[in-house]
Structure formats: C-alpha cells, structure tokens
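Thank you all for coming. Before I say anything, please take a moment with the sequence and the structure, which I am putting up now.

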Amino acid sequence: MKPSRIIVVLLVAVVVSLVLAAPSLGAVKLNKYEQQLVAQINKQRTKRGLAKLRVNARLVAAARAHSTDMGVQKYFDHTSPEGERWSSRLVRYGYKRKGCKYWRAGENIYYGAGLYSSPYLVVDSWMQSKRHRAVILTKVFRDIGVGAVKTEDGYGSIDGVVWFFTLDLGRRIRR
C-alpha cells in the first residue's frame with residue numbers, strides 16, 4: 001500500500017472512531033447534505049403514510065465510513081474492494097443482529113458532482129428507481145444512517161469535487 005493511501009486510511013479510521021465514540025443518538029452531528037437527505041427521505045415516507053425514520057448513530061458511522069471508503073479507494077459498490085458486504089459492515093459498526101428477534105436492513109448508494117450532488121436530486125434519483133424506492137419505502141424500517149462525503153480529486157471521468165452518498169436503513173427488535 002502506498003504511504004499516502006496509508007495516511008488516508010488512518011485518517012478515516014480516526015474519524016470513524018470519533019463518530020463511534022458519540023455518547024448517544026442525540027450527539028450525532030449531520031452535515032448539511034446529510035440533514036437534507038434525512039429530511040427528504042422522511043418527506044417521501046410521510047407522503048405515503050409511513051413512519052418517519054430516526055437517526056441512528058451506528059448506521060451513520062457505517063454509512064459515512066462507506067462513502068469515505070468509496071471516495072478514497074475510487075470505487076462505487078455496496079461491497080468493498082476487500083470483499084466486505086454492506087450488511088456485514090452494518091454489523092461491524094454496531095447495528096448487530098445478536099440479541100434481536102428481528103433484524104432487517106437495506107442500503108442505497110449514489111455519487112455525483114455539481115448539480116448532480118444535490119441531496120434533493122439524490123433522493124429524486126433513488127425514487128425514480130424501483131429497487132432504490134423499495135428500500136426507502138420499506139414499511140418496517142425505523143432507523144436511518146446517512147453518509148455524504150466529498151472527495152476533491154474526482155472519480156471516474158469526473159475531475160474535481162465528487163460527493164459519495166450512502167443511505168443505510170434498518171430495524172431491530174430485541175428479544
């Protein structure tokens with residue numbers, strides 16, 4: 001691994017550790033894009049008579065880490081280049097199945113630059129896709145985590161600033 005990549009990975013680890021150290025759900029600070037994503041997702045759900053979602057610190061940590069990882073390692077997928085699947089990532093960040101009689105989760109991802117990085121456009125794009133809309137409108141979900149992270153060094157054919165978005169939704173019912 002290149003020294004510059006090692007430094008970036010270490011910085012990501014520090015940021016994620018700080019997020020995980022948050023004492024409660026109320027302590028989760030969302031950036032403006034993340035706040036807008038949550039508001040737009042809840043707007044779509046309430047328009048259809050579904051429950052609003054609560055911000056969950058563990059899901060936020062998992063979503064931010066994934067968005068950061070996609071930007072750093074320059075990929076776009078639910079599964080990391082190391083082979084970790086999205087559901088395993090949620091469990092690793094504390095959204096555990098153990099001790100639950102019910103556990104269900106879903107994930108959407110997106111990237112964009114310029115006008116295509118607007119949280120409103122991101123949610124609209126997800127709502128135009130049958131599979132992504134199904135995740136957002138899953139009736140049983142109660143928890144939400146979002147990660148909106150920008151990279152300055154482009155992605156694919158896009159030069160400059162690119163935003164990576166991860167939406168993790170879920171529900172756990174303890175035994």
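The buried residues of helix α2 are E34, L37, V38, Q40, I41, N42, Q44 and R45, where buried means under 20% relative accessible area, exposed means over 50%, and partly exposed lies in between, using a 1.4 Å probe and protein chains only. This is a predicted model, in which local features need pLDDT of at least 70 and side-chain atom pairs count only at pLDDT 80 or more, while totals for chains, interfaces and linings use all residues. Residues are numbered from 1 along each chain as its sequence is written, and side-chain values use heavy atoms, with hydrogens and water left out. As for the names of the elements, helices (H or I, at least four residues) and strands (E, at least two) are DSSP runs, numbered from the N terminus.

Let me stay with α2 for a moment. Its buried residues pack against β1 (54–55), α3 (57–73), α5 (119–128), α6 (130–136), β3 (143–151) and β4 (162–174), and a contact here means heavy atoms within 4.5 Å. The helix covers residues 32–47, and at 1.5 Å a residue its 16 residues should span 22 Å, which agrees with end C-alpha atoms that are 22 Å apart; the expected span is 1.5 Å times one less than the number of residues. At the start of α2, a side-chain oxygen of N31 comes to within 3.0 Å of the backbone nitrogen of Y33, and just after the helix G49 takes a positive phi of about 75°.

Now, how far does the predictor trust the chain? The pLDDT, which is the predictor's confidence in each residue from 0 to 100, has a mean of 90 for the protein chain, and 85% of the residues reach 70 or more. Over residues 8–25, however, the pLDDT is below 50, and this stretch has 14 contacts in the model beyond near neighbours in sequence.

Taking the chain as a whole, there are 6 helices and 4 strands, and from the N terminus on the elements run α-α-β-α-α-β-α-α-β-β. Buried residues make up 45% of the 175 residues.

In what order do the strands lie in the sheet? The 4 strands form an open sheet in the order β1-β3-β4-β2, with mixed pairing, and two strands are said to pair if DSSP finds at least two bridges between them. β1 and β2 (100–112) stand at the edges with a single partner strand each, so one side of each is left without a neighbour in the sheet. Going across the sheet, β1 and β3 pair in the parallel sense over 2 bridges, with R54 opposite D143 in β3. Next, β3 and β4 run antiparallel and are joined by 9 bridges, and T151 stands opposite V162 in β4. Finally, β2 and β4 pair in the antiparallel sense over 12 bridges, where the bridge partner of Y110 is F165 in β4. As for burial, β3 is mostly covered, since 7 of its 9 residues are buried.

That brings me to the interior. In soluble globular proteins, nonpolar side chains tend to be buried together. I use nonpolar core for a set of buried Ala, Val, Leu, Ile, Met, Phe, Trp, Tyr and Cys residues joined through side-chain atoms within 4.5 Å. The largest such core has 25 residues, of which L37, I41, W126, I144, F165 and L167 touch the most other members, and α2, α3, α5, α6, β3 and β4 each supply at least two residues of this core. Apart from it lies another core, of 10 residues, among them A61, A65, W103 and A105.

K74, by contrast, is found in the loop between α3 and α4 (86–92), is partly exposed at 31% relative accessible area, and has a positive phi of about 60° although it is not a glycine.

Notes: Polar contact = N/O pair within 3.5 Å; in protein donor to acceptor, adjacent residues only side chain to side chain.
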